[in-house]
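The following note sets out points on helix packing, local backbone geometry and selected loop residues. Please read it alongside the sequence and the coordinates.

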Amino acid sequence: MKDILIVDDERDIRELISEILIDEGYQTRLCGSADECLQELKKSVPGLLILDIWLKDNEMDGIDILVKTKREFPQVPVVIISGHGNIEIAVAAIKQGAYDFIEKPFNIEQLLVVVRRAMETSRLRQENFELKRKDTPLSVMVGESNVFKNFVANLDKVTKTNGRVLLTGGSGSGKEMAARYIHANSERASKPFIIVNCASIAPDRMEDVLFGRDVGNSLPSDGLLSQADGGVIYFDEIADMPLETQSKILRVLVDQKFQRVNGKSEVKVDLRVISSTSQDLREAIKQRSFREELYHRLNVVPINVPSLSQRLEDIPLLFEHFAKTFHETQGLNFRQLSLEASTMLQTMAWPGNIRQLKNMVERVLILGDGQGDVSIEDLPSETKSTNENLNNVASGPIATMPLREAREAFEREYLVTQINRFNGNISKTAKFVGMERSALHRKLKSLGVVSISRTQKEDD
């Protein structure tokens, strides 16, 4: 990337800088005003912005443009051009995020040294930015089950729109990753993705965090809404947002503008809103802890994030994915699941969903001997409760039954467990238990397992 945007209200200066840089093989664009600069930034993001600190007869000066650029295009280095009498202001610009400053009249060699360093910084930032864009959504959306495929298909339907999405599902099921997937595959992918953790922000600080605050003659502090301008703002656990703030957010959704705390002027924003909750918002509305109008504004496209218990088939893939991640990020030995351990994990209850599985994988890799496949013995003790119950079944009520009834009770529990493991897919269940599909149907009928027929699934 060799495109450099030069902004100076003095034509001779901007053309001189341009000629020097063109001779060095760079491509340049020239602007003489703040408005022209903002238009060029919207057209195409430059590799470097060289910016005069004073722009005569403009509503925005160099500092204003610097702040806006660093907010919307944080990967772009900004080099400030400063006159001799403006050194203190130039130093203040560095604190606002400027890469460096060049004093007028400038030395050509000094200019080229600063530009070369800034462009290298720009290249590295852009590579890092693209890698994050590329890897984030793909690395977390893992699965092959029908439930997972249907879920991702629903996400894909909303990626190219600006419709508001409300993600529902249990804690740890992957709602934030679903929101990131929508953002990364949308037309706003190059713009910010800002998270508002509604449950972790103190109620008395919520409005400062969201809207920012005007602080007299100093530059205002931007809130998360301003930081998300042009991109996506994600309200995590929206049910925990204070009622008073809910009414103000409702106004932002309607008008796409707001006022900072203690501010008088309006701040306009262009936002896409994605929200999530693990609570029942309709019940919260009945309890008067959530505003019904805000619910309807947020719930334009409702998408349920399936729990891990609904996609047990995906556990081996998820285990492998997390094991690779911990190997790459923490240097832990990569290990795969044995068939027996995989089967056991697929018969477990997972109240903590994918987060619980991820934590378990990390624990296994840390505490294990690091050799060979992960066996049943390597799994934490709580994962073995299901099999222990089956092994000790004779000590329970089944011990009082005649042999035939006890065998039927065991078969019923075993087959229902396997059907749930394969999310109701009879073909996969039959293959695992070693029966023909028709024989399994007859066995289920003889055991009185008739309710499964309403939800069972045949071949994929």
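1. The model is a predicted one, in which local features need pLDDT of at least 70 and side-chain atom pairs count only at pLDDT 80 or more, while totals for chains, interfaces and linings use all residues. Residues are numbered from 1 along each chain as its sequence is written, and side-chain values use heavy atoms, with hydrogens and water left out.

2. The protein contains 19 helices and 14 strands. These elements are DSSP runs numbered from the N terminus, with helices being H or I of at least four residues and strands E of at least two. Of the 460 residues, 46% are buried. Buried denotes under 20% relative accessible area, exposed over 50%, and partly exposed in between, for a 1.4 Å probe and protein chains only.

3. Ser33 is located in the loop between β2 (27–31) and α2 (34–43). With a relative accessible area of 16%, Ser33 is buried. Leaving aside residues up to four places away in sequence, Ser33 touches Val7 and Asn58.

4. Helix α3 spans residues 62–72, and its buried residues are Gly62, Ile63, Ile65, Leu66, Thr69, Lys70 and Glu72. The N-terminal end of α3 is capped by Asp61, which places a side-chain oxygen 3.1 Å from the backbone nitrogen of Ile63. A polar contact is a pair of N or O atoms within 3.5 Å; within protein, one must be able to donate a hydrogen and the other to accept it, and residues adjacent in sequence count only if both atoms are side-chain atoms.

5. Most residues other than glycine have a negative phi, and most peptide bonds are trans. The peptide bond from Lys104 to Pro105 is cis, with omega near -10 degrees; Pro105 is in the loop between β5 (100–103) and α5 (108–140). Gln256, not a glycine, has a positive phi of about 55 degrees. Gln256 sits in the loop between α10 (243–255) and β11 (257–259) and is partly exposed at 22% relative accessibility. Asn353 likewise has a positive phi, near 60 degrees; this residue lies in helix α15 (residues 353–367) and is buried, with a relative accessible area of 5%.

6. How do α6 and α7 pack? The axes of α6 (residues 146–159) and α7 (residues 175–184) come within 9 Å and cross at roughly 40 degrees, which makes α6 oblique to α7. Axes are lines fitted to C-alpha atoms, for helices over the stretch in contact, and angles run from 0 to 180 degrees between N-to-C directions. Angles under 35 degrees count as roughly parallel, over 145 as roughly antiparallel, 65 to 115 as roughly perpendicular and the rest as oblique. The crossing of α6 past α7 is right-handed, meaning that the near helix is turned clockwise from the far one by less than a right angle. On the α6 side, Phe151, Val152, Leu155, Asp156, Val158 and Thr159 meet Ala178, Tyr181 and Ile182 of α7. This contact comprises seven nonpolar, one polar and one charged residues. In this classification Ala, Val, Leu, Ile, Met, Phe, Trp, Tyr, Cys and Pro are nonpolar, Asp, Glu, Lys and Arg are charged, and the others, Gly among them, are polar.

7. Thr161 lies in the loop between α6 and β6 (165–168) and is partly exposed, with a relative accessible area of 35%. The Thr161 side chain reaches the backbone oxygen of Val158 at 3.1 Å. Thr161 and Arg188 are 27 residues apart in sequence and 9.9 Å apart in space, C-alpha to C-alpha.

8. Helix α17 (residues 403–421) and α18 have axes that come within 9 Å and cross at roughly 125 degrees, so α17 is oblique to α18. Tyr414, Leu415, Gln418, Ile419 and Arg421 of α17 make the contact with Ile426, Thr429, Phe432 and Val433 of α18. By class there are six nonpolar, two polar and one charged residues.

9. The axes of α18 (residues 426–433) and α19 (residues 437–446) come within 9 Å and cross at roughly 95 degrees; the two helices are therefore roughly perpendicular to each other. Here Ile426, Ser427, Thr429 and Ala430 of α18 meet Arg437, Leu440, His441 and Leu444 of α19. Four nonpolar, three polar and one charged residues form this contact.

Terms used. Contact = heavy atoms within 4.5 Å.
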